[in-house]
Amino acid sequence: MTTAHPGMSGKPRSPGQPPLLARPVLRASAILPFLRGRERISILIGYTLLGLIVIAAVFAPLICTYSPTALNPIAALEAPGTAHFFGTDQFGRDIFARTVYAARIDLIIAFSLVSTAFMIGTALGVIAGWAGGLLDNVLMRIVDVALAFPFLVLVISIVGLRGPGLLSLYLAVSIVSWVFYARLVRSEVRQLRHADYMLAAKASDYSALRVLARHLLPNVIIQPLVYASSDLVYALLLGASVSYLGLGVQPPTPEWGQMVQDGSTFIGAQWWLSFFPGAAIVVTAVAFSLIGDGLAARAREGSAR
Amino acid sequence: MRHLILRRLLQALPVLIGITLVTFSMVHLVPGDPARALAGQRATPQILASIRHQLGIDKPLVTQYWHFISGLPRGQLGYSFLLHQTTDALVLARLPTTLFLVIYGVLIAIVLGVPLAMISAVRKESLLDHGIKGTLVVGLGLPSFWIGLLLVGFLALRLGWFPVGGAGSGFIGHLWHLFLPALTLALSFLAVLVRNLRASLIEVMDTDFVSLAVLKGIPRLRVYTRHVMRNALIPAVTIIGLNLSYLLGASVVVESVFSVDGIGNTLVNAVLSRDYQLVQGLALVFGVLVLLVTLTVDITHAGLSPRGEMA
């Protein structure tokens, strides 16, 4: 990212000189890199799509003419048309309204799952990589064991044993998903531990906290951040899959996976019940993917430069 | 080589112990009393006590754990109180279906993915390549339960080309019944496969021996199939090996969508009916399965590469 100057002198820095111990900083362009680079188009499309979805979710009551939970048996199973854009389900509920409202819960699930895993994993990864020794060993063995299970199997089992629901889903994913971040961050920390600027920072007798927070963290944070942006796709699909299986969000709260499940018995004739909520998942996932891929490409270019 | 295998096996041992510990402690995640959850609210204290005794949860934890692992070498994985069968019998009967489905899915993914990756790599940065890449971005976001359901609705219910669910009987019956489930599984994995394969193909194409083959006047197609593809196959196999854990996880959802009676669908049903011992046993089987696959991939990979001993 930035060049670390080898060696050091005791002289204080004067404002005009280049910084002696150039501490790499988290540049805004790493996160919002659509200003330049070859990936700008895909990232731009990704952010636009995501922006539209977020706006739709936030302003759902203004967009929808129907309530997402109001029953209307007279209008049950109506095909998509001018009255109901996406048709209605077996209870006469408006699929469009339900799909738009469901964006709220699905986005919240994806973001909260990823941010929790990101925070726990990064913290434990830094600790493991920095401390080394027994602590590192124990943490990494835990990571090995967690990775030995298919992720979905572990999550479904934990959710099932704790009882279905959003809290169980959140707990189950938090128990498991931090390991990906911890492993990533740990290997970064192990590599950077002996970088010149780290040695210099330690030699300057800074407190451990200061070295960790101001010198180490800004350097290792890019990788997990990039990973998190593509992890959003998996978190979105995971939340929807678990809800599809009837273990996540419970009715009548509209959620995409659960809506697909609700419509599954009608898939032969009334395809719209399952089609539209699933399509919403795909569009959201594409938005996340475009952003994630773009950021990953940027990070690769950044480290190659 | 024998050294390497031995070392890998020794490294796997703590993971194996970890897997048993995790699956063992799973039952203790059940809020409240597992016996009451099984017997219902109106059960008498005597019934509860007898269920606790049957589950073995009236003994100290260490004894319970010892009881749990001491049965494993003999294949005792517990008992399903709802299906009235031992978990090992269920696994024995249903695991083959799951393995068939996963292997079938991988084969379909290869059949679809290799040509796509090849075209994408040969016509690098062309409109076609960008088109394929764009499609893959969509493919990455396809929920398998949704695509599976659409396939059922369109190809099975509307057109009647395929059976709606189940696994069929016999090899041909499996091939026929599991085609849509396997296709669904393949589609959920295709994007990852093609992306990685494309990258390794491009890497091979940039090597000197490929340039030499082209300069010698060997027809392009022959260079691609004989020189490039062969060398890109090792990374392809590795990608598949590394993703088998993911594929097994995805098969759980796919089996549930198509009501295929593999161990994945059994897990979902066990979870939904709160059949704790069965959940525990199946989670263990999945964990051991992934461990075995990882070990196999590790050892074959090390055996194939000349620098394997160092890895």
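What share of the 311 residues in chain B is buried? Buried residues, those with 20 or more other C-beta atoms within 10 Å of their own, make up 37% of chain B. A residue with 12 or fewer such neighbours is exposed, and one in between is partly exposed, with C-beta atoms placed from the backbone.

The views below show a predicted model, in which local features need pLDDT of at least 70, side-chain atom pairs count only at pLDDT 80 or more, and totals for chains, interfaces and linings use all residues. Residues are numbered from 1 along each chain as its sequence is written, and chains are lettered from A and ligands numbered from 1 in the order in which they are written.

View 1. The model scores ipTM 0.86 and pTM 0.85. Mean pLDDT (the predictor's confidence in each residue, from 0 to 100) is 82 for chain A, where 86% of residues reach 70 or more. For chain B the mean is 83, and 95% of residues reach 70 or more. Two stretches fall below 50: residues 307–311 of chain B and residues 1–22 of chain A. The chain A stretch has 21 contacts beyond four places in sequence, a contact being two residues whose C-beta atoms, placed from the backbone, lie within 7 Å. Where pLDDT is low, the predicted coordinates should not be read in detail.

**View 2. The helices of chain A.** Chain A has twelve helices and zero strands; helices (H or I, at least four residues) and strands (E, at least two) are DSSP runs, numbered from the N terminus. Confidence in chain A is lowest in helix 1 (residues 28–31), at a mean of 53, and highest in helix 4 (residues 95–131), at 92. Of the 305 residues in chain A, 46% are buried. Among its contacts between residues at least 6 apart in sequence, 68% join residues at least 24 apart.

**View 3. The largest nonpolar core.** This core, a set of buried Ala, Val, Leu, Ile, Met, Phe, Trp, Tyr and Cys residues joined through C-beta atoms within 7 Å, has 155 residues. Those with the most contacts inside it are Val155(A), Ile156(A), Leu236(A) and Leu267(B). Helix 4 of chain A gives the largest share, 17 residues. Beyond four places in sequence, Ile156(A) touches residues of both chains, including Val242(A), Leu245(A), Val252(B) and Leu267(B).

**View 4. The contact between the chains.** Chain B contributes 40 residues and chain A 38 residues. On the chain B side, the elements giving two or more residues include helix 1 (2–26), helix 12 (244–257) and helix 14 (276–304). By class, this side has 32 nonpolar, seven polar and one charged residues. Nonpolar here covers Ala, Val, Leu, Ile, Met, Phe, Trp, Tyr, Cys and Pro; Asp, Glu, Lys and Arg count as charged, and the others, Gly among them, as polar.

**View 5. Ala191(B) and its surroundings.** Ala191(B) is in helix 9 (residues 179–205) of chain B. This residue counts as buried because it has 22 C-beta neighbours inside 10 Å. Leaving out residues up to four places away in sequence, Ala191(B) touches Leu136(B), Gly139(B) and Leu140(B). Gly113(B) is 78 residues from Ala191(B) in sequence, with the two C-alpha atoms 8.2 Å apart.
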